[in-house]
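Morning, everyone. Please look at the sequence and the structure on the screen, and I will walk you through them.

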Amino acid sequence: MEATEPGTRPYLVLAGFALLLVLVFLGALAVGHAVGPVAPGLGPGTGGSGHSDGTMPGMTGHDLGAGR
């Protein structure tokens, strides 16, 4: 058996868990960089419709019930 103080074990378990979380995050980050974007042209900050008036081609008549 180890000769450690009774209060040190929870800190060692917490430190081990934090290290495990960091390793899982770094692994997921590495896999994400390896496979690339999920769709062509998709990247940070490329949201929205791309039109200044907020409309999209072929999406007429979708006013969410504003005329009710």
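Start with helix α1, residues 8-35. It has 28 residues and reaches 41 Å from its first C-alpha to its last, close to the 40 Å expected at 1.5 Å a residue. That expected span is 1.5 Å times one less than the number of residues. Helices here are DSSP runs of H or I, at least four residues, and strands are runs of E, at least two, numbered from the N terminus.

A word on the source. This is a predicted model: local features need pLDDT of at least 70, side-chain atom pairs count only at pLDDT 80 or more, and totals for chains, interfaces and linings use all residues. Residues are numbered from 1 along each chain as its sequence is written, and side-chain values use heavy atoms, with hydrogens and water left out.

Now, burial. Buried means under 20% relative accessible area, exposed means over 50%, and partly exposed is in between (1.4 Å probe, protein chains only). Of the 28 residues of α1, zero are buried, so the helix lies largely in the open. Across the protein's 68 residues, buried ones make up 0%. Take F17, in helix α1. F17 is partly exposed, at 47% relative accessible area.

Last, the record. An unreviewed UniProt entry annotates residues 12-35 as "transmembrane region". Positions follow the numbering used here, feature names are shortened, and annotations may be inferred rather than shown by experiment. In the model, that stretch is 100% helix and 0% strand, with its end C-alpha atoms 35 Å apart.
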